[in-house]
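Here are my notebook entries from an afternoon with this model. Have the viewer open and follow along.

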Amino acid sequence: MSSRICYRPFRFARARFAIQPGHYSLFVAWVWELFVIEVINLVKNFGDNAALKGVSFTVRSGEATGCLGPNGAGKSTIMKTLAGLQRPTSGEVRICGYSLASEPLEAKKRIGYVPETAAMYTGLTANEYLSLVAELYHLDRDFAAEQIGKLLRAFHLTDVADRQIDSLSKGMRQKVLISSALLHDPEVLIFDEPLNGLDVNAALTFRRIVEDLVSQGKTVFYCSHILDVVERLCKRVIVLNSGEVVADDETANLLASTPKGSLESVFQELTRIGPEIEWGAALAEGRAPEMPKRDDSSSGTRIG
Ligand SMILES: Nc1ncnc2c1ncn2[C@@H]1O[C@H](COP(=O)(O)OP(=O)(O)OP(=O)(O)O)[C@@H](O)[C@H]1O
């Protein structure tokens with residue numbers, strides 16, 4: 001059963017149980033235990049540009065869910081909105097049942113966010129930066145020291161922990177950033193292209209950390225262009241195209257939906273990039289075909 005379908009009984013139940021508040025509260029608690037992130041009819045306009053055109057989906061508790069889409073599909077806009085860094089034009093986001101608009105502190109406490117690119121205090125050492133983040137979250141000092149030590153060890157950063165961040169490599173900075181998102185042990189992790197700049201070993205470490213987080217019951221919402229990582233890590237996948245959800249289903253169902261059985265072919269079909277790929281291949285072979293025209297009348301096949 002897709003999340004899209006699951007959400008409808010909630011609305012129905014809301015009306016049905018309105019006269020019995022006790023039942024309604026129990027039902028709401030059940031919904032958010034099942035769906036840690038609820039995105040409801042999200043619209044984001046930048047001037048005339050509609051980045052999100054009424055996006056709705058849910059992310060299930062204790063699972064990794066991937067978010068895919070071509071450049072400009074709206075992935076970062078979704079991620080920033082979920083992290084509370086950007087207000088939607090309309091629509092609602094609920095994290096663990098808390099509305100991001102009306103209960104932002106409760107909602108944000110439960111999130112760890114790794115942005116695609118982040119401004120860090122690069123004059124601080126990695127240790128100082130993580131300690132500062134711990135202070136901002138009001139973490140207990142002993143707990144913070146334990147968490148910082150654990151994360152520095154996991155990412156092999158212990159030896160560089162006392163070096164200024166501006167002297168660290170891009171990959172090392174990314175590891176510090178990921179550590180800062182995990183520091184307060186949040187229930188929900190939102191990763192926007194977290195593997196940017198990481199070498200193979202660090203990417204493997206990151207994957208193991210995500211698997212570990214999921215096995216601990218954490219919820220991960222993961223946006224990446226690296227399809228095979230999403231395929232391996234994520235139980236469900238949401239595909240965005242031109243600001244709309246064009247697929248929302250279990251990864252296994254999406255893979256079974258195409259003859260090639262790969263997320264790459266699902267992605268190509270849903271986002272209609274096949275003609276561009278053929279054009280690229282023909283160009284590489286020395287032929288000079290016309291650039292294929294996109295069919296903008298359709299945003300692709302809808303699955304789930
Ligand atoms: N701050 C902004 N001001 C104006 N337009 C924006 C802004 N941020 C995003 N957009 C537009 O919104 C649309 C979605 O952008 P977004 O960055 O969410 O896409 P994306 O799927 O993350 O793309 P990419 O894979 O290239 O990172 C694009 O058309 C983009 O130009």
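This is a predicted model: local features need pLDDT of at least 70, side-chain atom pairs count only at pLDDT 80 or more; totals for chains, interfaces and linings use all residues.

**Entry 1, a bridge from Lys235.** I looked up lysine 235 and found it partly exposed, at 45% relative accessibility. My scale calls a residue buried under 20% relative accessible area, exposed over 50% and partly exposed in between, with a 1.4 Å probe and protein chains only. The side chain of lysine 235 meets that of glutamate 63 in a salt bridge, 3.6 Å from N to O. I count a salt bridge when a side-chain nitrogen of Lys or Arg is within 4 Å of a carboxyl oxygen of Asp or Glu. Lysine 235 sits in the loop between α9 (227-233) and β9 (236-241), and glutamate 63 in the loop between β2 (49-60) and β3 (64-68), so the pair ties together parts 172 residues apart in sequence. Helices (H or I, at least four residues) and strands (E, at least two) are DSSP runs, numbered from the N terminus. Glutamate 63 is buried, with a relative accessible area of 11%.

Numbering runs from 1 along each chain as its sequence is written, and side-chain values use heavy atoms, with hydrogens and water left out.

How many salt bridges does a search of the whole structure find? I got nine. In one of them, arginine 110 meets glutamate 187 at 3.6 Å, N to O. Arginine 110 lies in the loop between α4 and β6 and glutamate 187 in the loop between α7 (170-182) and β7, so this pair links parts 77 residues apart in sequence. Arginine 110 is buried at 16%, while glutamate 187 is partly exposed at 35%. Leaving aside neighbours within four places in sequence, I listed the contacts of arginine 110, among them Ile95, Tyr98 and Pro186; contact means heavy atoms within 4.5 Å.

I also checked aspartate 228 and arginine 232, whose side chains form a salt bridge at 2.8 Å, N to O. They are four residues apart in helix α9, about one helical turn. Shared partners join Glu106, Lys109, Arg110 and Glu187 into one salt-bridge network.

The chain divides into domain 1 (36-110 + 188-274) and domain 2 (118-185), with bounds from an automatic or database domain assignment. Their centres, taken over C-alpha atoms, are 25 Å apart. I find 14 residues of domain 1 in contact with 11 of domain 2. The area buried between them is about 990 Å², with carbon and sulfur atoms giving 69%; buried area is the accessible area (1.4 Å probe) that two parts lose on being put together, summed over both. The rule finds one salt bridge across this interface. Aspartate 185 forms a salt bridge with lysine 218, the closest N and O atoms being 2.9 Å apart. On the side of domain 1 that touches domain 2, α8 gives the most, with five residues.

Which residues touch the most other members of the largest nonpolar core? Val176, Phe191 and Tyr222 do, in a core of 53 residues. Such a core is a set of buried Ala, Val, Leu, Ile, Met, Phe, Trp, Tyr and Cys residues joined through side-chain atoms within 4.5 Å. Helix α8 (residues 200-215) supplies the largest share, six residues.
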